[in-house]
Each structure stands twice: as structure tokens, then as C-alpha cells.
Amino acid sequence: MTVHAYVLIQTDVGKAAQVAQQVSAISGVMRADGVTGPYDVIAGVEAPTMNDLGRMVVRDIQQIEGITRTITCPVVKI
């Protein structure tokens, strides 16, 4: 079973485009779009397990220069 999630990303001023490009290059990231509002980039991601998802966010996404905060929202079937 694959875990899908949205990762809401805040960046330093002027870094959204660069961050979106770098995030989109990470394995498991389906898309990363710059947006307006309280977040600067929203990424759609998938991983084999919840632990793999957590590792992707902490090890890969949060290490990108210019990211100041992330919130991960796993997709659930309601």
C-alpha cells in the first residue's frame, strides 16, 4: 500500500521557485508547485510506508536550503 501526502512548505523570501525545482527532483515527489498564501510550495508525494514518508520529508525535503518550515498532510480515505 502506497502512502500519499501533501507537504506544505514555507520558504525564505524569494526562494520559492528554487525550492519547488529542487523538491520536484526528489524521488517520490509527484509534483511541487509554487503557490500564494501562507505556504510558498505545495508538494504531492508518495512513499511505500509512513516511515518512508517521514524519512523523505526529514532527510530529503527539509534539508533543502531556503526551506523554513514544513507540514506533512497524509491523504486519508474518508
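Predicted model: local features only at pLDDT ≥ 70, side-chain atom pairs only at ≥ 80, totals over all residues.

Biologist: Is aspartate 60 buried, partly exposed or exposed?

Modeller: Aspartate 60 is partly exposed, because its relative accessibility of 25% falls between the 20% and 50% cut-offs. Arginine 59 has 54%, so it counts as exposed.

Biologist: And how many salt bridges are there?

Modeller: The count comes to 3. Another one joins arginine 55 and aspartate 52, at 2.6 Å from N to O. Both of those residues lie in helix α2, 3 residues apart, which is about one turn of the helix.

Biologist: How exposed are arginine 55 and aspartate 52?

Modeller: Arginine 55 is partly exposed at 42% relative accessibility, and aspartate 52 is also partly exposed, at 25%.

Biologist: What about the pair with aspartate 33?

Modeller: Aspartate 33 forms a salt bridge with arginine 31, with the closest N and O atoms 2.6 Å apart. Aspartate 33 is partly exposed at 29%, whereas arginine 31 is exposed at 53%.

Biologist: Why would side chains like that pair up at all?

Modeller: Opposite charges on side chains can pair when the charged atoms come close.

Biologist: Okay, back to α2. How many residues does it have, and how far does it reach?

Modeller: Helix α2 has 12 residues and reaches 15 Å from its first C-alpha to its last, close to the 16 Å expected at 1.5 Å a residue.

Biologist: Which α2 residues are buried?

Modeller: Leu53, Met56, Val57 and Ile61 are buried in α2. Looking down the axis of α2, those buried residues fall within an arc of 90 degrees, so they line one face of the helix.

Biologist: What's on the other side of α2?

Modeller: Asn51 and Arg59 are exposed there. That's the arginine from the salt bridge with aspartate 60.

Biologist: And what covers the buried residues of α2?

Modeller: The cover includes β1, α1, β2, β3 and β4.

Biologist: Let's switch to α1. Which of its residues are buried?

Modeller: In α1 they are Val19, Ala20 and Val23. Seen down the axis of α1, these residues fall within an arc of 100 degrees, so they line one face of that helix. On the other side of α1, Ala17 and Gln21 are exposed. The cover over the buried residues of α1 includes β1, β2, β3, α2 and β4.

Biologist: Where does the largest nonpolar core come in?

Modeller: The largest nonpolar core has 20 residues, and those with the most contacts inside it are Ile9, Val23, Val29, Val45 and Ile61. Elements that give two or more residues to this core are β1, α1, β2, β3 and α2.

Biologist: Take valine 29, then. What does it touch?

Modeller: Not counting residues up to four places away in sequence, valine 29 touches Val23, Ser24, Ala43, Gly44, Val45 and Met56.

Biologist: Now for the threonines. Is threonine 70 buried or exposed?

Modeller: Threonine 70 is buried, because its relative accessible area of 16% is under 20%. Threonine 70 lies in strand β4, residues 67-74, and its side chain makes a polar contact with the side chain of glutamine 62 at 2.8 Å.

Biologist: What else is in contact with threonine 70?

Modeller: Leaving aside neighbours within four places in sequence, its contacts are Val7, Leu8, Ile9, Val57, Ile61 and Gln62.

Biologist: And threonine 11? Where does that one lie?

Modeller: Threonine 11 lies in strand β1 and is buried, at 11% relative accessible area. Beyond residues up to four places away in sequence, threonine 11 touches Ala16, Val19, Asp40, Val41, Gly66, Ile67 and Thr68.

Biologist: Last one: where is threonine 36?

Modeller: Threonine 36 lies in the loop between β2 and β3, and counts as exposed at 80% relative accessibility. Threonine 36 and alanine 17 are 19 residues apart in sequence and 12 Å apart in space, C-alpha to C-alpha.

Note on methods. Residues numbered from 1 in each chain as written. Heavy atoms only, no water. Helix = DSSP H or I, 4+ residues; strand = E, 2+ residues; numbered from the N terminus. Buried < 20%, exposed > 50% of the residue type's maximum accessible area, 1.4 Å probe, protein only. Polar contact = N/O pair within 3.5 Å; in protein donor to acceptor, adjacent residues only side chain to side chain. Contact = heavy atoms within 4.5 Å. Salt bridge = Lys/Arg side-chain N within 4 Å of Asp/Glu carboxyl O. Expected span 1.5 Å × (residues − 1). Arc of directions from axis to C-beta. Core = buried A, V, L, I, M, F, W, Y, C linked by side-chain atoms within 4.5 Å.
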